[in-house]
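Visitor: I am new here. Please show me the structure, and then let us go through it by question and answer.

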Amino acid sequence: MASYILRRILVTIPVMAIVALFVFSLLYIAPGDPAAVIAGDQASPADVERIRQSLGLDRPFLVQFGSWLWRILHFDLGNSIFTNLPVTSMIAQRIEPTLSLMLLTLALTLVVAVPLGVVAAWKAGSLIDRAIMAFAVSAFSLPVFVVGYLLAYVFALELEWLPVQGYTPFAEGVWPWLQNLILPSVALGCVYIALIARITRASMLEVLQQDYIRTGRAKGLGQGSILFVHALKNAAVPIVTVIGIGVALLIGGAVVTESVFAIPGLGRLTVDAILRRDYPVIQGVVLMFSFLYTLVNLMVDLTYTLIDPRIRY
Amino acid sequence: MSISTTNSVPVPPGLVIAQALPDLMVPVKVRRGVLGFLRNNPTVAIGGALLLCLVLVGIFAPYLWTVDPTAISPARRTRPPSELYWFGTDALGRDVYSRVLFGTRVSLTVGLSVAVLATITGLAIGLVSGFVRWADGVVMRIMDGLMSIPPILLAIALMALTRGSVGNVIMAITVAEIPRVSRLVRGVVLSLREQPYVDAAVACGTRTPMIIFRHILPNTLAPMLVQATYVCASAMIVESILSFIGAGTPPTIPSWGNIMAEGRALWQVKPYIVFFPAAFLSVTVLAVNLVGDGLRDALDPRMAKNL
């Protein structure tokens, strides 16, 4: 087991190196002079030269990549072109709202999607099943900001139950924090819920046909116990895998959701950085999210042994 | 040769022809042709019909829109929907109806182009890494790396570097979609090359390119077609997200994402500016997803009705 974890972590290192190389070389893949691209259309030649100097773009590619990688390994993502602050501290300032949003969405998704999928599989072919699957297909087709605006319009503007926009830090109390995050997490969770509900249903349908489920019924186990204890546990591996893959949806969706609900998180930071062509910030955010995504999927791989003791490495 | 029970055959005296036995199994009615396929797969039919309408709207947009979608008219700013301005007007007095119709073109163009480009490129990469062993490791590590960047972020990073244009949006989303497609193709190819008929072809001395084109490629088409529809749906969503956050098509082109981005500042008082493009986008994506789900059920009966 320990050797498997070690090997799995070692495999992650080259993948992360490729991500780093790709994120770094994006500047060179793009057509034109990178310094001029960052400077934008209205820049004077002196500005372009200043940016070239500050980013070290006048040095050879491999030298630049080497020194950049070395700095990253020391948690130094460079300085923002626009504010001149270190990118790491900018990310640290903005990370709380984004993490809150993502964790709350994840919790909401698990609480809603898994039971939905289980019920759909249990009542397969019935009206409930069709309704759940119809919901899943529609939710999967609705872009995050469409759901966001719809929810904000109904629950914040018309009914005035919840605040329209903004964010309150967790330190200022759980309820104000939660109040601001409910609508964004429901909006962000929609696609994710649809995805997990579908995979839960598919995986459960397969498991429910197994002999041991019939044995369980024959010996008089309750329906709830069969579904949620005996069947769900054996259906869990594909579900957990998709939860891990779906984190990519969560990350991409967070960028948009934060714009819709004016949450000052990493998504806002990314959007602002794009509009200002603040490339070090974009690089930093993309790297950080990719690292997070890889880490989540590493954890997913490691949980397989907990779910299914038959899996041995 | 057939056994006839009609009266034309003389029946010997004293014998009676038995009545035809009822069918043990109800014969499966085989429906053929495009119409038959659509009747068997109502999801494809509904999604396809919706999509066809939208394609027609896109093609005939210049004849359907009432005024030039980019014409600014400060005198008639933010009018609510009325007989004259079906979807109202935006903050610059542009007709939202005309703009939304034009947006259909942008979305469908981006969706289709990305689906075609990503499928072809992914197919090529997947075939190579499925067949050329030494390339497999390298290519798949690169794809693993690309796949660990969430697709929307990858597209954002690419767009941040280039000028906003429809072509660049298509390229950025295509790059973000390629890893998933090539992984899928590689998986299919790896399972196909273990098939006895491929072994037979190898034993007959068929050259590798011929095996790929004649035996492997046709068998990857069904899963590729399904994947292409999902890529198309996802590309349309990503395009609108990119435009919405200001990293997509230039603001001069009325794409759905751009219309929503412009309506964002006013949405609490004038929700219709955001509502109409949002509704069109959702219906279009839903139509494409329905076609994809239906095709998957039709082309892969083992997966049918499960997912």
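Visitor: Is A:Gly222 buried or exposed, and why?
Guide: The test counts C-beta atoms, placed from the backbone, within 10 Å of a residue's own: 20 or more others make it buried, 12 or fewer exposed, and anything in between partly exposed. A:Gly222 sits in the loop between α9 (211-218) and α10 of chain A. Because A:Gly222 has 11 C-beta neighbours inside 10 Å, its class is exposed.

Visitor: How many Å apart in space are A:Gly222 and A:Ala194?
Guide: In sequence, 28 residues separate A:Gly222 and A:Ala194. From C-alpha to C-alpha, the distance is 28 Å.

Visitor: What kind of model is this, and what ipTM does the complex get?
Guide: It is a predicted model, in which local features need pLDDT of at least 70 and side-chain atom pairs count only at pLDDT 80 or more, while totals for chains, interfaces and linings use all residues. Residues are numbered from 1 along each chain as its sequence is written, and chains are lettered from A and ligands numbered from 1 in the order in which they are written. The predictor gives the complex a pTM of 0.82 and an ipTM of 0.81.

Visitor: Which helix of chain A has the highest confidence?
Guide: Confidence here is pLDDT, the predictor's score for each residue from 0 to 100. Chain A has a mean of 83, with 95% of its residues at 70 or more. Its lowest mean, 69, belongs to helix α2 (residues 34-39) of chain A. The highest, at 89, belongs to helix α5 (residues 87-122) of chain A.

Visitor: What is the mean pLDDT of chain B?
Guide: In chain B, 83% of the residues reach 70 or more. The mean pLDDT of chain B is 80.

Visitor: How many helices are there in chain A, and how many in chain B?
Guide: Helices (H or I, at least four residues) and strands (E, at least two) are DSSP runs, numbered from the N terminus. Chain A has zero strands and twelve helices. Chain B also has zero strands, and its helices number eleven.

Visitor: What share of the residues counts as buried in each chain?
Guide: Chain A has 313 residues, and 39% of them count as buried. Chain B has 307 residues, and its buried share is 43%.

Visitor: Which element gives the largest share of the side of chain A that touches chain B?
Guide: Two residues are in contact if their C-beta atoms, placed from the backbone, lie within 7 Å. The contact takes 42 residues from chain A and 38 residues from chain B. Several helices of chain A each supply at least two residues, including α6 (127-141), α8 (174-208) and α10 (223-260). The largest share, eight residues, comes from α1(A).

Visitor: How many residues of that side of chain A are nonpolar?
Guide: Ala, Val, Leu, Ile, Met, Phe, Trp, Tyr, Cys and Pro count as nonpolar, Asp, Glu, Lys and Arg as charged, and the others, Gly among them, as polar. On the side of chain A that touches chain B, two residues are charged and seven are polar. The nonpolar residues number 33.

Visitor: At what angle do α4 and α11 of chain B pack?
Guide: Axes are lines fitted to C-alpha atoms, for helices over the stretch in contact, and angles run from 0 to 180 degrees between N-to-C directions. Helix α4 (residues 96-131) and helix α11 (residues 272-299) of chain B have axes 10 Å apart. Among the residues making the contact are B:Gly103 of α4(B) and B:Phe280 of α11(B). The angle is about 30°.

Visitor: What class does A:Ile307 fall in, and why?
Guide: A:Ile307 lies in helix α12 of chain A. Leaving out residues up to four places away in sequence, A:Ile307 touches A:Lys233, A:Ala236, A:Val237 and A:Val240. Because 15 other C-beta atoms lie within 10 Å, A:Ile307 is partly exposed.

Visitor: What is phi of A:Ala262 near?
Guide: A:Ala262 is found in the loop between α10 and α11 of chain A. Its phi is positive, in a residue other than glycine. The value is near 50°.
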